[in-house]
Amino acid sequence: MAAERFRQFEGRATKTLGGFRSFILRGNVVDLAVGIVIGTAFTSVVTALVSGIITPLITVSGNQTLADWTIPIYNNGHLKIGAFLIAILSFLIVAAVIYFLVVLPVNALTSRFKPHEKPVEPAPTRDCPYCLSSIPAAATRCAYCTSPLPPLAPQAQAAPPGYRAPGS
């Protein structure tokens, strides 16, 4: 009895873990994990660049740099305006690098290898002379009022541009 219950548990566990394994080994999950790790590392590099090189060059007033810029508020508190501006600057640099080095090249590749589809011209239509509904041009009976329609007059062949008929 206990052996039977253990085999049932083992079968369910194997099925559950097998599904989890196939989920983890899917390409998009692994790609997402790699992207997050690389993005985190890149963000720390940009943050170090901004806080260590760019912001010391920006002076707010006198000897105060952007990183030290604070505004005193009530009860000995300080608004760290400089830290906020540094975070915005870091974000903009990361966003620009991602846009120019990832998004634009990927869009260019997908547009190059994506088949170009020609726009489909809509079927020619005409108006029913009885109910004024739009119907296919070749229809012999109106789909809305079921009136018989006169046949279309054969269209004259259009002359190519710049063509002059003889004797004109």
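Rings of Phe, Tyr and Trp (its six-membered ring) form an aromatic pair if their centres lie within 6.5 Å; planes under 30 degrees apart are stacked, over 60 edge-to-face and the rest tilted.

**View 1. The aromatic pair of the predicted model.** The structure holds one such pair. The ring centres of Tyr99 and Phe100 are 5.1 Å apart and their planes lie at 80 degrees, so the pair is edge-to-face.

**View 2. Helix H3, residues 81–113.** Helices (H or I, at least four residues) are DSSP runs numbered from the N terminus. Gly82, Ile86, Ser90 and Val94 are its buried residues.

**View 3. The bend of H3 at Tyr99.** Tyr99 is found in H3, and the helix bends there by about 35 degrees (the angle between axes fitted to the seven residues ending at a residue and the seven starting there).

**Notes.** Residues are numbered from 1 along each chain as its sequence is written, and side-chain values use heavy atoms, with hydrogens and water left out. As this is a predicted model, local features need pLDDT of at least 70 and side-chain atom pairs count only at pLDDT 80 or more, while totals for chains, interfaces and linings use all residues.

Definitions and conventions:
Helix = DSSP H or I, 4+ residues; strand = E, 2+ residues; numbered from the N terminus. Expected span 1.5 Å × (residues − 1). Buried < 20%, exposed > 50% of the residue type's maximum accessible area, 1.4 Å probe, protein only.
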